Amino acid sequence: TGSKGKEYRVSETCKEIARQAVWGTRHYQEHLYFNYQFHLEGLPDNAKVLTIRNEHLMNDWNQVEQYIGGEKDIITHDNAQTAFPV
């Protein structure tokens, strides 16, 4: 399988692996490693990669937002459950 727009059909197995990985009910290190490797190989040399760590989600999100020119501290403890427009 591969990403080809409409040509790409995701198997039910892949969907289930994705659900379990996102929810943390099962771990698929090897499967996810190769997916990350695919994207890593597509990056240009000297590309800047911004990451948001789950354990520091709010702080990382705010830092990335400010870095790309957005508001400082856009997400606070008070509005963390609010849906923001995209």
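## A first look at a helical chain

Val49 sits in the loop that links helix H2 (29-41) to helix H3 (57-67). Helices here are DSSP runs of H or I with at least four residues, strands are runs of E with at least two, and both are numbered from the N terminus. The model is predicted, so local features need pLDDT of at least 70 and side-chain atom pairs count only at pLDDT 80 or more, while totals for chains, interfaces and linings use all residues. Residues are numbered from 1 along each chain as its sequence is written, and side-chain values use heavy atoms, leaving out hydrogens and water.

The protein chain has 3 helices and 0 strands, giving the pattern α-α-α along the sequence. Of its 86 residues, 10% count as buried. Buried means under 20% relative accessible area, exposed means over 50%, and partly exposed lies in between (1.4 Å probe, protein chains only).

Two residues show both sides of that definition:

| Residue | Relative accessibility | Class |
|---|---|---|
| Val49 | 54% | exposed |
| Gln20 | 15% | buried |

Gln20 belongs to helix H1 (residues 12-23). Apart from neighbours within four places in sequence, Gln20 is in contact with Thr25, Arg26 and Tyr28; contact means heavy atoms within 4.5 Å. Among contacts in the protein chain between residues at least 6 apart in sequence, 0% join residues at least 24 apart.
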